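Please keep the sequence and the model at hand while reading.

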Amino acid sequence: MQMKYKEIKDNEEVQALIAKGNENLGVLGFTDHSEMHASLVAERAAEILESLGYKKKKIELVKVAAYMHDIGNAINRSRHAEYGAILANDLLKQKNIDIQERLTIVSAIAHHDESTGGATDVISAALIIADKTDVRRNRVRQKPKASFDVHDRVNYAVTRTDLVIDKEKKQITLNLEIDEKICTMYEYFDIFLGRMMMCRKASELLGVTFGLMVNGNKAL
């Protein structure tokens, strides 16, 4: 039996894990990791594979993995990818889905964090790109601007995000518009260079290149 995205999205335990993880990260000062982030990453990962011609089965798998990718934050931010994989494995065992599909989902979750992971197949590659390109102003939690840390400033400075997938040119490009009065380019790359390089390596596994355009200028 194949795991269905809608079933996971409506699952009470998954919803509770995402909510608790986001609550924990809010207390620790991290940006939004709510259902909004989970849904956006799932839909973006699916768009990447669909645009590159992958079949519906893989698209469904990447949506499931992407929606659950941050549930490990309910346990701890440190090693959250690995914790999330263990939680997802236990949950999916109860669903009696195909073992290879379960392991594909679990592995993608375990490898999505830049500190310990990296793309190992097309599912994990699409998840990584979708996750690392979720840079937007409304990821910053409501608080006085004076209390913003560098992560807050970098996200808040982004006034527009557009991920372009060009099958013909075999290229994925992240277009960002940044208000440099809020965040300098140095600050942006200090936070996101490692993540963008992770996206570049993931894109190679998909057979495409990854590029970054900031304020109309090629940055990567």
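Helices are DSSP runs of type H or I with at least four residues, numbered from the N terminus. The model is predicted.

Together with Ile75 and Ile86, Tyr83 forms a nonpolar patch on the surface. The accessible area of these three residues together is about 280 Å².

## Loops on either side of helix 5

The loop between helix 4 and helix 5 contains Ser78 and Arg79. Ser78 has a relative accessible area of 47% and is therefore partly exposed. In space, the C-alpha of Ser78 lies 9.7 Å from the C-alpha of Ser115, although 37 residues separate the two in sequence. Arg79 is not a glycine, yet its phi is positive, near 60°.

A positive phi also occurs at Asn96, with a value of about 55° in a residue that is not a glycine. Asn96 belongs to the loop between helix 5 and helix 6. Its relative accessible area is 62%, so Asn96 is classed as exposed.

## The nonpolar core

What residues touch the most other members of the largest nonpolar core? They are Ile48, Met68, Ile105, Tyr188, Met196 and Leu206, within a core of 65 residues. The contacts of Met68, leaving aside residues up to four places away in sequence, are with Ile8, Val14, Ala88, Leu92, Ile105 and Ile109.

Leu49 is located in helix 3. Is Leu49 buried or exposed? Leu49 is buried, because its relative accessible area is 0% and the buried class covers values under 20%. When residues up to four places away in sequence are not counted, Leu49 touches Tyr54, Lys58, Ile59, Val62, Val122, Ile123, Ala126 and Leu206.

Ser124 lies in helix 7, which comprises residues 122-132. Its relative accessible area is 0%, so Ser124 is buried. The side chain of Ser124 reaches the backbone nitrogen of Thr120 at a distance of 2.8 Å. Beyond residues up to four places away in sequence, Ser124 touches Ala108 and Ala119.

The model has 15 salt bridges. One of them joins Asp32 and Arg136, with 3.8 Å between the closest N and O atoms. Asp32 is in the loop between helix 2 (12-28) and helix 3 (35-51), and Arg136 is in the loop between helix 7 and helix 8 (150-157), so this pair ties together parts that are 104 residues apart in sequence. Asp32 counts as buried because its relative accessibility is 11%. Arg136 is likewise buried, with a relative accessible area of 11%. Both residues belong to a network of salt bridges that links Asp32, Asp134, Arg136 and Arg139.

A further salt bridge is formed by Glu101 and Lys57, whose closest N and O atoms are 3.5 Å apart. This pair links distant parts of the chain, with Glu101 in helix 6 (residues 99-110) and Lys57 in helix 4 (residues 56-68), 44 residues apart. How do the two partners stand in accessibility, and what are their values? Glu101 is buried at 6% relative accessibility, whereas Lys57 is partly exposed with a relative accessible area of 48%.

The side chains of Glu114 and Arg195 also meet in a salt bridge, at 3.2 Å from N to O. Here the distant parts of the chain being linked are the loop between helix 6 and helix 7, which holds Glu114, and helix 9 (residues 185-205), which holds Arg195; the two residues are 81 residues apart. Glu114 is partly exposed at a relative accessible area of 32%, and Arg195 is partly exposed at 23%.

Technical notes
Residues are numbered from 1 along each chain as its sequence is written. This is a predicted model: local features need pLDDT of at least 70, side-chain atom pairs count only at pLDDT 80 or more; totals for chains, interfaces and linings use all residues. Side-chain values use heavy atoms; hydrogens and water are left out. Buried means under 20% relative accessible area, exposed over 50%, partly exposed in between (1.4 Å probe, protein chains only). A polar contact is a pair of N or O atoms within 3.5 Å; within protein, one must be able to donate a hydrogen and the other to accept it, and residues adjacent in sequence count only if both atoms are side-chain atoms. Contact means heavy atoms within 4.5 Å. A nonpolar core is a set of buried Ala, Val, Leu, Ile, Met, Phe, Trp, Tyr and Cys residues joined through side-chain atoms within 4.5 Å. A salt bridge is a side-chain nitrogen of Lys or Arg within 4 Å of a carboxyl oxygen of Asp or Glu. Patches are made of residues with over 30% relative accessible area and no salt bridge: like charges are joined within 9 Å, nonpolar side chains (Val, Leu, Ile, Met, Phe, Trp, Tyr) within 5 Å. Accessible areas come from the Shrake-Rupley method with a 1.4 Å probe; for residues, only the protein chains shown count as cover.
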